[in-house]
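Hi,

Here is the structure for you to look over. It is a predicted model. My notes follow below.

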Amino acid sequence: MSIAVTGASGRLGSFVIDALVERGVSPTDIVAITRTPEGVRFRDRAVTVRQADYDDPESLDLAFRGVERLLLVAGTEIGRRLRQHRNVIAAAKRAWVGCIVYTSMLGAAAEDLAIAREHRETERELDRAGIPTTILRNGPYLDTYMERAADDVARGEVIGGSGRVSAAHRRDYAEAAAAAILTPWAGRVYELGGEPFGLAEYARELSRVSGRQVAFRALEGEALRSALVAEGVPADEAAQAVELDAAIARGALETESSALAELSGRRPMTLAEAVDEALVTRVAAA
């Protein structure tokens with residue numbers, strides 16, 4: 001059985017490959033597909049690495065040769081992803097790939113969430129393609145929050161809306177993706193996420209671990225956009241952040257589903273554990 005993972009040089013893709021090996025898949029049965037082969041960093045070097053680009057159908061045709069199961073990790077270039085995903089799906093059909101697992105977005109079904117449109121349309125493209133497909137609607141990445149944790153502590157303040165998100169670590173989503181690609185439940189859609197939390201809780205955890213007071217200041221709409229721009233966030237990214245914040249306020253990125261734990265076979269990392277890991281590790285390394 002040949003399993004291909006796209007986006008293999010990214011964190012999610014590389015975590016999936018590690019998870020597949022840990023679940024007993026022979027590294028020689030794994031194809032790591034990436035635009036930048038020099039960027040791969042999974043542990044077992046017996047994995048086959050193939051160069052391909054979502055914008056280059058010919059490279060995808062070569063990369064998918066002999067592939068039976070495919071994990072399509074969503075592209076990161078907003079505004080270009082739908083065309084890129086169509087290229088991947090078309091190449092998978094030409095290669096007679098037997099099944100696809102796609103990493104979509106929690107809230108993808110919400111028609112009023114513009115940033116989810118490309119995921120929503122990709123799901124429809126997969127349905128039309130006729131290839132047995134499993135959809136993993138991943139919530140926000142908990143480790144992305146942790147990337148800014150030290151800066152938030154230094155600033156002493158977290159700004160944003162009062163909604164809640166079901167964020168989970170990429171490693172947990174990777175475990176779920178590995179399980180899904182090994183047991184492809186065609187037609188299933190999984191709403192995945194960790195235990196919901198809000199920014200006020202995030203700020204409290206930062207205070208607990210750092211020993212410094214980190215306040216939460218509720219902002220939304222134009223006030224949030226202006227504050228982000230004042231902090232140096234580019235205008236287009238600030239606008240996207242405001243839209244995302246509004247979606248969070250509507251509950252679009254929150255799920256009470258236990259599907260992540262059930263699919264991955266383990267309890268997802270909690271907010272408290274993630275903050276401990278992020279700040280304690282940084283202090284220890286300093």
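**Second largest pocket**

The second largest pocket has a volume of about 170 Å³. Its lining counts 14 residues, and the ones closest to its centre are Gly193, Gly194, Glu195, Ser257 and Pro268. Sorted by class, the lining of this pocket holds six nonpolar, six polar and two charged residues.

**H1 against H7**

Helix H1 covers residues 11-22 and helix H7 covers residues 170-182. They pack at an angle of about 55°, and their axes are 8 Å apart. H1 and H7 are therefore oblique to each other. The crossing of H1 past H7 is right-handed. Which residues make the contact? From H1 come Arg11, Leu12, Phe15, Val16, Ala19, Leu20 and Glu22. From H7 come Arg170, Arg171, Tyr173, Ala174, Glu175, Ala177, Ala178, Ile181 and Leu182. By class, the contact of H1 with H7 has eleven nonpolar residues, five charged ones and no polar ones.

**H3 against H4**

Helix H3 spans residues 81-94, and helix H4 spans residues 117-129. Their packing angle is about 20°, with the axes 9 Å apart. Angles under 35 degrees count as roughly parallel, so H3 is roughly parallel to H4. H3 passes H4 in a crossing that is right-handed. On the H3 side, the residues are Arg81, Leu82, His85, Arg86, Ile89 and Lys93. They meet Arg117, Glu118, His119, Glu121, Thr122, Glu125, Leu126 and Ala129 in H4. How do the residues of the contact of H3 with H4 divide by class? Seven are charged, four are nonpolar and three are polar.

**H9 against H10**

The last pair in these notes is helix H9, residues 221-230, with helix H10, residues 235-249. The angle between H9 and H10 is about 145°, and the axes lie 9 Å apart. The crossing of H9 past H10 is right-handed. H9 brings Gly221, Leu224, Arg225, Leu228 and Val229 to the contact. H10 brings Ala235, Ala238, Ala239, Ala241, Val242 and Asp245. Eight residues of the contact of H9 with H10 are nonpolar, one is polar and two are charged.

**In brief**

The contact of H1 with H7 has no polar residues. The contact of H3 with H4 has seven charged residues. The contact of H9 with H10 has eight nonpolar residues.

Best wishes

Note on methods: Residues numbered from 1 in each chain as written. Predicted model: local features only at pLDDT ≥ 70, side-chain atom pairs only at ≥ 80, totals over all residues. Heavy atoms only, no water. 1 Å grid on protein atoms, 1.4 Å probe; cavity = no way out; pocket = protein on both sides within 12 Å on 5 of 7 lines; lining within 4 Å. Points joined across faces, edges and corners; volume = space filled by probe spheres on them. Nonpolar A, V, L, I, M, F, W, Y, C, P; charged D, E, K, R; others polar. Axes fitted to C-alpha atoms, helices over the stretch in contact; angles between N-to-C directions. Helix = DSSP H or I, 4+ residues; strand = E, 2+ residues; numbered from the N terminus. Parallel < 35°, antiparallel > 145°, perpendicular 65-115°, else oblique. Left-handed = near helix turned anticlockwise from the far one by under 90°. Contact = heavy atoms within 4.5 Å.
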